[in-house]
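Reader: I would like to learn how to read a protein model step by step. Could we begin by looking at it together?

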Amino acid sequence: MRTKISELAKRLRNREISAVELTKAYIGAIEKLNPTLNAYVHLTFDTALNAAEQADQRLKEGDAPLLCGIPMALKDNICTDGLNTTCCSKILKGFKPYYDATVWEKLKAHGAVLLGKTNMDEFAMGSTSETSCYGAPLNPRNTNYVTGGSSGGSAAVVCANLAAYSLGSDTGGSIRQPASFCGVVGFKPTYGAVSRYGLIAYGSSLDQIGPLTTSVKDAAIVFDAIKGGDKLDQTSVDYDYGSSLAESLDRDVKGMRIGVAEEFFDGINPEIKSKIEEAIKLIERNGAVIESIRLPALKSALPVYYIIACAEASSNLGRYDGIRYGYRTSSYASIEEMIVKTRSEGFGDEVKRRIILGTYVLSSGYYDA
Amino acid sequence: MSISKTEIEKLAKLAKLSFSDEELERFTAEFDEIIAFADTINQSIEGGTEEIRNVGARMVSFDDLRADEVMPSLPNEKILSNVEGYNGFFSVERSKK
């Protein structure tokens, strides 16, 4: 049974359950289900129980934020000071960051309880989570199915109620698609809305962190906690939203003009199409104006994504050389050979494929580079 | 558009990667498909692209830059804690002459 953040927050405040008890309940569920689901790749139970104790103290004092004491999970590419962060890649096995990502710092200030880091495609490159060096997570709704990806573990832990919510990252669908596969809510905020400081980079002009939750309201609650400009990420923006996103969900849709892009319906599964059409009718009945629009450039979105993401990845992943952190090959005759062997042994096939494509994009026309 | 095995080898060298012959064959074959897919970008977009604008650009002026002052930074020992076999130096195997 999946539980909403607001319900858990209410139970914590009514003293029906303490944050420590709630955390222990989640730990019990993880110990039972995770060996099968493989949704978590690093567990942080000691840190979680410490945070839960502190959360109980804050709850007792009475001015705790909504997310205080709520157990959650982070994707394995979001840096956590002193705790394993490996992008599910052999090349980063054993890596412990020395600082916190801004989103994690913000959630910690809210009293969040981190249960562990979730499985993902290696360096977020993929859409099934099968390129993880720890093996793929399984879809809790049907273990014969994939979870989607790359934030497959983050979607699976929310789906199986092994965390009340999680954070993922989305470069070309990596939050939204696994959320859809696992039947949970996934939200990729507008680029710049959330700081990526401490998110291990893949395609920097597309990467964005966002929540995976059991309800739209929960996604808004988590977004409100992590949003905002950050000096440490020059692409992030302080924007005045007027109110919190969670509050704005309670307003009605009367008078809103909502565009529906025709292209979104090309080749869509009929069952999904009829569900979306039902939703459109519901919004229309409540007073919104629906307008059909065209997005002719949409057909170029995927090839454009592929070119930009791979070009940026080939540059971003240049830092993995086995010298300062992560995996290093065991035998070599020169520094050059050490770097080449480390990278060739440490990266999986899909990562290498994208690095090569990116190198092609960036060096095309400069054969003598 | 097609790409040769030699070109892939050249790209691998630039990217500091090495491939076995079997991997090289496989990558070369896959590459043609990927390039063909990326090439669809050249197909003209109905209605043109004049309306596609960059909405994210932000100008940074010199006034926005902070003063050049020493700020707190991370302790060296913490940053170096992930280095394999660190003992005051980055140790690597002795290179053969």
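Reader: Which residues line the largest cavity?

Author: Rolling a probe the size of a water molecule over the atoms shows where empty space is left. On a 1 Å grid over the protein atoms alone, a cavity is a set of points where a 1.4 Å probe fits but cannot get out, a pocket is an open set with protein on both sides within 12 Å along at least five of seven lines, and lining residues have an atom within 4 Å of a point. Here the largest cavity is lined by A:N77, A:C87, A:F123, A:A124, A:S169, A:T171, A:L199, A:I200, A:A201, A:Y202 and A:D207.

Author: Before we go on, please note that this is a predicted model, in which local features need pLDDT of at least 70 and side-chain atom pairs count only at pLDDT 80 or more, while totals for chains, interfaces and linings use all residues. Residues are numbered from 1 along each chain as its sequence is written, chains are lettered from A and ligands numbered from 1 in the order in which they are written, and side-chain values use heavy atoms, with hydrogens and water left out.

Reader: What volume does the largest cavity have, and how does its lining divide into nonpolar, polar and charged residues?

Author: The largest cavity holds about 50 Å³ of space, where a volume is the space filled by probe spheres set on grid points that are joined across faces, edges and corners. Its lining has seven nonpolar, three polar and one charged residues, if Ala, Val, Leu, Ile, Met, Phe, Trp, Tyr, Cys and Pro count as nonpolar, Asp, Glu, Lys and Arg as charged, and the others, Gly among them, as polar.

Reader: What is the volume of the second largest pocket, and which residues lie nearest its centre?

Author: The second largest pocket has a volume of about 550 Å³, and of its 13 lining residues A:F264, A:F265, A:I268, A:I272 and A:I276 lie nearest the centre. Two elements of chain A, β7 (257-261) and α9 (270-285), each give two or more residues to this lining; helices (H or I, at least four residues) and strands (E, at least two) are DSSP runs, numbered from the N terminus.

Reader: In what order do the strands of the open sheet of six strands lie?

Author: Strands of a sheet pair through backbone hydrogen bonds, either parallel or antiparallel. In chain A the order is β1-β3-β2-β4-β6-β5, with mixed pairing, and two strands pair if DSSP finds at least two bridges between them. The edge strands, β1 (40-43) and β5 (185-186) of chain A, each pair on one side only. Strands β2 (residues 71-75) and β4 (residues 165-170) of chain A run parallel and are joined by three bridges, and A:M72 has A:Y165 in β4(A) as its bridge partner.

Reader: Which residues have a positive phi although they are not glycines?

Author: A:N38, in the loop between α2 (19-37) and β1 of chain A, has a positive phi of about 55°.
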